[in-house]
Amino acid sequence: MQIGTEVMVLETKVAIGDNVRRVCAVIASSAERAGRRPESIRLVAVSKTVSAEKIKCALEAGITCLGENRVQEALEKVSQLSGYRFEFHLIGILQKNKVNKVSAAFDWIETVETIELARKIEQSCERLGKVMSVLVEVNLGREETKSGVFEEELPELLGQMAPFDHLKIRGLMAIPPFFENPEDGRPYFRRLREIAERINHLRMLRVDLQELSMGMSHDYAIAIEEGATIVRVGTAIFGERLKV
Ligand SMILES: *Cc1c(COP(=O)(O)O)cnc(C)c1O
């Protein structure tokens, strides 16, 4: 390796380490404001488009969960990260023909939105002898361009998923509409928490929604104040992504 490259690698490592510490500090102060324990919040570092080398920097800086949205890219990178331990979250659309690969490689699937997909994951995990943590994605803004179910469809979907022994229904995930001012997203985050609370009050068998995955780089502080237990942060850790 040439000296120039070594310096660059070191700079990247330092920058990512600084970013991880900064994000963790924001998480801690937001949690404190909301009267919650910082440890109750999972930081998922979203590493889509990011090289395995940079991901290693984040893992060495203390990141324990990674999130990817493209299956093929994720699987290629995982093979370069052997020897590192992390919890792996799928946060993008999952096509049925990729379920077997995803079930084997990932620990959480945050984007379940149909009973057909849930059934495929169940069958796949049964064969693998593992239990998959899943979140149901909710389309809070009723946006045509976004995935997820509408809130009124949740009870039926959750009821159909509940008997699946190889799925652990952990909670809900949402990507609210984008606002320049993150404060404008607050009602959506609050809404997701209220939806989960309302469903928990129904006391459906095997349906206990404890986790809320909401909040990204520009709004995770607000999401935590409104009850996020999982935040998915990419840019604030790895820097701006090149548009692909
Ligand atoms: C890319 C992505 C994120 C992270 O976005 P940043 O703004 O870079 O933090 C979070 N969630 C999902 C579903 C994503 O696709």
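Trainee: How far is an oxygen atom of the ligand from an N or O atom in the side chain of Lys48?

Mentor: This model is predicted: local features need pLDDT of at least 70 and side-chain atom pairs 80 or more, while totals for chains, interfaces and linings use all residues. Residues are numbered from 1 along each chain as its sequence is written, and side-chain values use heavy atoms, leaving out hydrogens and water. For Lys48, the distance is 2.7 Å.

Trainee: Which residue has a polar side-chain atom 2.5 Å from an oxygen atom of the ligand?

Mentor: Arg241 places a polar side-chain atom 2.8 Å from a ligand oxygen. The residue at 2.5 Å is Ser217.

Trainee: What share of the ligand's accessible area does the protein cover?

Mentor: On its own, the ligand has 390 Å² of accessible area (Shrake-Rupley method, 1.4 Å probe).

Trainee: How many residues of the shell around the ligand are charged?

Mentor: Residues surrounding the ligand (a heavy atom within 4 Å) include Val46, Met173, Gly234 and Thr235. Lys48, Arg232 and Arg241 are also among them. The shell has six nonpolar and three polar residues, and the charged ones number three.

Trainee: What dimensions does the C-alpha trace of the protein chain span along its principal axes?

Mentor: The space taken by the ligand is the largest pocket of the protein. The C-alpha trace spans about 60 × 45 × 35 Å.

Note on methods: A polar contact is a pair of N or O atoms within 3.5 Å; within protein, one must be able to donate a hydrogen and the other to accept it, and residues adjacent in sequence count only if both atoms are side-chain atoms. On a 1 Å grid over the protein atoms alone, a cavity is a set of points where a 1.4 Å probe fits but cannot get out, and a pocket is an open set with protein on both sides within 12 Å along at least five of seven lines; lining residues have an atom within 4 Å of a point. A molecule sits in a cavity or pocket if more than half of its atoms lie within 2 Å of its grid points. Ala, Val, Leu, Ile, Met, Phe, Trp, Tyr, Cys and Pro count as nonpolar, Asp, Glu, Lys and Arg as charged, and the others, Gly among them, as polar.
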